[in-house]
Amino acid sequence: MTRSKPAAAPDRTPARRRIRGLDADERSAQRRRQLLAAATELFARQSYSGTSIEQICQAAFVGTKGFYDHFESKEACYTALLTQITEQIQQRVATAAAETAGRDWDERMRALVAAFVHAIADDPRLAKVTFGEAGGISPAVEAQRRSNRRWGAAFLNQQWPQGDSLTERQGLALCLATIGGMFELVADWLHHHDDGGNQDSVETLTEDLTRFIAVVHTGRMAQSTSTGVETG
């Protein structure tokens with residue numbers, strides 16, 4: 001006689017409590033987004049040093065305990081925000097690079113610069129947070145800024161037309177200096193934009209950065225020509 005299999009034990013795993021349609025993980029993610037959004041607004045409006053954790057929590061409608069569930073300090077909150085903005089910028093320029101692959105350098109360079117500028121300047125708070133506040137906060141933040149610059153240098157070096165006489169290390173060094181110059185132009189634009197005087201537009205910043213890279217490119221190609229390297 002064949003024995004029937006015992007019935008499966010009922011699932012006694014407690015149902016995940018949902019509040020306003022969100023479970024615990026979703027509510028936690030929402031609180032994190034609210035905290036970062038509030039930090040963006042406050043850091044841009046009244047500076048990093050002028051903003052407290054309590055102010056961020058009040059603006060985000062999140063308790064202090066909720067803040068420390070996600071960030072161990074105000075610096076950690078800023079670092080997370082800087083990482084978020086950096087990833088958005090990198091995605092924008094990478095998309096522009098993919099969309100202009102195979103086109104001539106001038107057209108591609110203009111598209112890359114425009115993507116970069118719009119990623120930080122369409123919402124002026126992002127430019128303020130990344131370029132107006134990042135300097136001097138802490139060694140950890142400075143290390144992240146340096147890492148961002150090195151990523152930008154490597155990305156730019158990959159986009160640059162091949163055929164010059166520079167080694168990989170020399171090309172990266174030149175691109176790192178170029179990225180540094182670009183960031184300084186952004187910082188100066190941001191300062192001028194907020195000084196209460198004549199405000200330069202996003203288009204002005206785009207033109208300045210485009211012209212700067214074009215001059216660097218001309219010098220790079222001229223250096224290659226002077227050493228007998230065919231640039232094409």
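Biologist: First things first, what secondary structure does the protein chain come to?

Modeller: Keep in mind that this is a predicted model. Read along the sequence, the pattern is α-α-α-α-α-α-α-α-α. So the secondary structure, counted as DSSP runs, comes to 9 helices and 0 strands.

Biologist: And what share of the contacts with a separation of 6 or more is between residues 24 or more positions apart?

Modeller: The protein chain has 232 residues, and 38% of them are buried. For contacts in the chain with a separation of 6 or more, the share from residues 24 or more positions apart is 64%.

Biologist: On to the largest pocket: how much space lies in it?

Modeller: Its lining takes in 26 residues. Ile89, Phe116, Phe131, Ile179 and Phe183 lie nearest the centre. The space in the largest pocket comes to about 510 Å³.

Biologist: Which helix gives the largest share of that lining?

Modeller: The elements that each give two or more residues are H4 (74–99), H5 (105–121), H6 (124–132), H7 (139–159) and H8 (168–193). The largest share is 7 residues, and the helix it comes from is H7.

Biologist: Let's look at Gln159: which side chain does it join in a polar contact?

Modeller: Gln159 is found in helix H7. With a relative accessible area of 11%, Gln159 is buried, because the cut-off is under 20%. Leaving aside neighbours within four places in sequence, Gln159 is in contact with Ala97, Trp105, Arg108 and Leu112. The polar contact, at 2.6 Å, joins the side chain of Gln159 to that of Arg108.

Biologist: Gln144 is another glutamine in helix H7. Is Gln144 buried or exposed?

Modeller: Not counting residues up to four places away in sequence, Gln144 touches Thr79, Leu82 and Thr83. Its relative accessibility is 15%, so Gln144 counts as buried.

Biologist: Now the charges. How many salt bridges does a search of the whole structure find?

Modeller: Side chains of opposite charge can pair when their charged atoms come close. Here the test is a side-chain nitrogen of Lys or Arg within 4 Å of a carboxyl oxygen of Asp or Glu. Searching the whole structure that way gives a salt bridge count of 8.

Biologist: How many residues apart are Arg125 and Glu41?

Modeller: Arg125 forms a salt bridge with Glu41, and the closest N and O atoms are 3.0 Å apart. The pair links distant parts of the chain, with Arg125 in helix H6 and Glu41 in helix H1 (residues 24–46). Arg125 is partly exposed at 30% relative accessibility, and Glu41 is partly exposed at 29%.

Biologist: Which residues are linked with Arg125 in a network of salt bridges?

Modeller: Arg125 also meets the side chain of Asp123 in a salt bridge, at 2.9 Å from N to O. Asp123 counts as partly exposed, at 24% relative accessibility. The residues linked with Arg125 in the network are Glu41, Arg45 and Asp123.

Biologist: What separates Asp69 and Lys65 along helix H3?

Modeller: Asp69 and Lys65 form a salt bridge, with the closest N and O atoms 3.5 Å apart. Lys65 is exposed, with a relative accessible area of 64%, whereas Asp69 is partly exposed at 47%. The two are 4 residues apart in H3 (residues 64–70), so what separates them is about one helical turn.

Definitions and conventions
Residues are numbered from 1 along each chain as its sequence is written. This is a predicted model: local features need pLDDT of at least 70, side-chain atom pairs count only at pLDDT 80 or more; totals for chains, interfaces and linings use all residues. Side-chain values use heavy atoms; hydrogens and water are left out. On a 1 Å grid over the protein atoms alone, a cavity is a set of points where a 1.4 Å probe fits but cannot get out, and a pocket is an open set with protein on both sides within 12 Å along at least five of seven lines; lining residues have an atom within 4 Å of a point. Grid points are joined across faces, edges and corners, and a volume is the space filled by probe spheres set on the points. Buried means under 20% relative accessible area, exposed over 50%, partly exposed in between (1.4 Å probe, protein chains only). A polar contact is a pair of N or O atoms within 3.5 Å; within protein, one must be able to donate a hydrogen and the other to accept it, and residues adjacent in sequence count only if both atoms are side-chain atoms. Contact means heavy atoms within 4.5 Å.
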